[in-house]
There are 2 protein chains.
Amino acid sequence: MALKSTLRDRRRLQTSREIQRAALSLALSQGYEGLTTEMIAAEAGISQRTFFNYFLNKEAAIIGETVSFDEETVAWFRESSGPLVPDLLQALRRLLCSSDLDRGMSQLIDRLLNKAPELVPIFYGSLKRLSDQLSDLVVLRLGQDARADADLLAEAISHALADTFRIWANDDAMSPDSIVDVTTARLLVLRGFLDQL
Amino acid sequence: MALKSTLRDRRRLQTSREIQRAALSLALSQGYEGLTTEMIAAEAGISQRTFFNYFLNKEAAIIGETVSFDEETVAWFRESSGPLVPDLLQALRRLLCSSDLDRGMSQLIDRLLNKAPELVPIFYGSLKRLSDQLSDLVVLRLGQDARADADLLAEAISHALADTFRIWANDDAMSPDSIVDVTTARLLVLRGFLDQL
DNA sequence: CACAACTATGCATTCTGTGCAATGTTTGCT
DNA sequence: AGCAAACATTGCACAGAATGCATAGTTGTG
């Protein structure tokens, strides 16, 4: 079950990114209002029908594909006996390492979210998917009874991470490796607030 | 600029709630898949066109209207010299007090989210609106420079609150007044996790 | 009452999203 | 290489979502 990279898989990934690039660049130049799936398909050099083979809807094309923890990371996390939260951050480090980050794309997304704020809720809806994965990890260690607590922690971490992504996207000097470090700093800020309770 | 309750306003609110009730009950009985705006309109006793006069889209009808802080609360918060986070929670208390909560409706939403998990991201996208309001409050006190920190805190609080709502919806013995108390307890759990850093 | 502001609705239209069937491409197997 | 299964692309048809516009009715106000 190793990761086999066939021609088909490579093309699929490439087409998927090309569609997202087309969607983002058109949304930025022409505005998200009035952007149609036909325009995106034309810009990406595919048919409208094929567009819908790749993405369930227009928003999904803007957001792009969701990353996932690989099995090794999940296994490592479950077996680790270190403290929970630092281990979660370590898992995130692995995730960011395996998924090759594209700063240019992140920059486009950030600019689009500034230009078309109506997309922000959609983006946060999609962030929920990452949060769910984090929550699943926590439950692996603490058990299903801790699901509610796990959700809460996962939300905080995923939002701190999303926050960090915007910083990283706009700072060419910032290394991808330091993303999780900055995320940790953001979480410490949050803890500072909660110390008021 | 007091709150005048004309016949028009009352009817509007009533129709809006009737539409949401129709949408929720149909989604629960027939399934969200295959639920059309025409069905909702028919069940609510209005035309499809009128449905779209009340809600921007089908999802918005399910979620219902978003609550807002009233001007007095905003003014009170800005002038208060108490610690930030407890004041935020106090503002939430006022918000929940003024918006008359409907446990039955919240219960329906909770059941629907369990039955149709594809709606969860949409719900979280809408929760962002409340979060934005909280963030605006924080910025009133700390200034625009603290926007990023404000967002982070607001996200944590709003998710803790959403969490509490689900508990409240399913526990008839729980008083609406205690919602913010439970939310505070949830935030303390979160702080406990973050103490691992 | 008279007039402005708002509401409901029908109709036409554009866009989204899905199912299906036909045709072509890639893969794995012998 | 040759073959069959799996997968990808596309066109077409169609149901549903959402908007603009015109019209007729209702409510608020002086």
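1. Let's start at the DNA. The side chain of A:Thr37 has an N or O atom 3.0 Å from a phosphate oxygen of DNA strand C. On chain B, the side chain of B:Tyr54 likewise places an N or O atom 3.0 Å from a phosphate oxygen of DNA strand C. A base is also reached: an N or O atom in the side chain of B:Arg8 is 3.2 Å from a base nitrogen of DNA strand C. A polar contact here is a pair of N or O atoms within 3.5 Å; within protein, one must be able to donate a hydrogen and the other to accept it, and residues adjacent in sequence count only if both atoms are side-chain atoms.

2. A word on the ground rules. This is a predicted model, in which local features need pLDDT of at least 70 and side-chain atom pairs count only at pLDDT 80 or more, while totals for chains, interfaces and linings use all residues. Residues are numbered from 1 along each chain as its sequence is written, chains are lettered from A and ligands numbered from 1 in the order in which they are written, and side-chain values use heavy atoms, with hydrogens and water left out.

3. Sugar or phosphate makes up 65% of the atoms of DNA strand C within 4 Å of the protein, and the rest belong to bases. The surface near DNA strand C has 6 nonpolar, 7 polar and 7 charged residues. For these classes, Ala, Val, Leu, Ile, Met, Phe, Trp, Tyr, Cys and Pro count as nonpolar, Asp, Glu, Lys and Arg as charged, and the others, Gly among them, as polar. H3(B) gives the most to this surface, with 4 residues; helices are DSSP runs (H or I, at least four residues), numbered from the N terminus.

4. Over to DNA strand D. Of the 21 residues around DNA strand D, the nearest are A:Thr50, B:Leu7, B:Arg8, B:Arg11 and B:Arg49. Of the atoms of DNA strand D that come within 4 Å of the protein, 64% are accounted for by sugar and phosphate. The backbone takes part too: an N or O atom of the B:Leu7 backbone lies 2.8 Å from a phosphate oxygen of DNA strand D. From chain A, A:Arg12 has a polar side-chain atom 3.2 Å from a phosphate oxygen of DNA strand D, and A:Tyr54 has a polar side-chain atom 3.2 Å from a phosphate oxygen of DNA strand D. H1 and H3 of chain A and H1 and H3 of chain B are the elements that give two or more residues to the surface near DNA strand D. H3(A) has the largest share, 4 residues.

5. Next, how the two chains meet. In the interface, 32 residues of chain B are in contact with 32 residues of chain A, contact meaning heavy atoms within 4.5 Å. The two chains bury about 3100 Å² between them, with 74% of it on carbon and sulfur atoms; buried area is the accessible area (1.4 Å probe) that two parts lose on being put together, summed over both. B:Leu152, B:Phe193 and B:Leu197 supply 22% of the area that chain B buries against chain A, more than any other three residues.

6. The rule finds 4 salt bridges across the interface of chain B and chain A, a salt bridge being a side-chain nitrogen of Lys or Arg within 4 Å of a carboxyl oxygen of Asp or Glu. A:Arg186 forms a salt bridge with B:Asp149, with the closest N and O atoms 2.8 Å apart. There are also 14 residue pairs in polar contact across the interface of chain B and chain A (both at pLDDT 80 or more).

7. Finally, within chain A, the domain assignment gives domain 1 (8–62) and domain 2 (67–194); such bounds come from an automatic or database domain assignment. The C-alpha centres of these domains of chain A lie 26 Å apart. Domain 1 and domain 2 of chain A bury about 1000 Å² between them. A:Leu24, A:Leu28 and A:Tyr32 supply 51% of the area that domain 1 of chain A buries against domain 2 of chain A, more than any other three residues. The side chains of A:Asp100 and A:Arg17 meet in a salt bridge (3.3 Å, N to O).

Definitions and conventions. A residue is near a molecule or strand if one of its heavy atoms lies within 4 Å of it.
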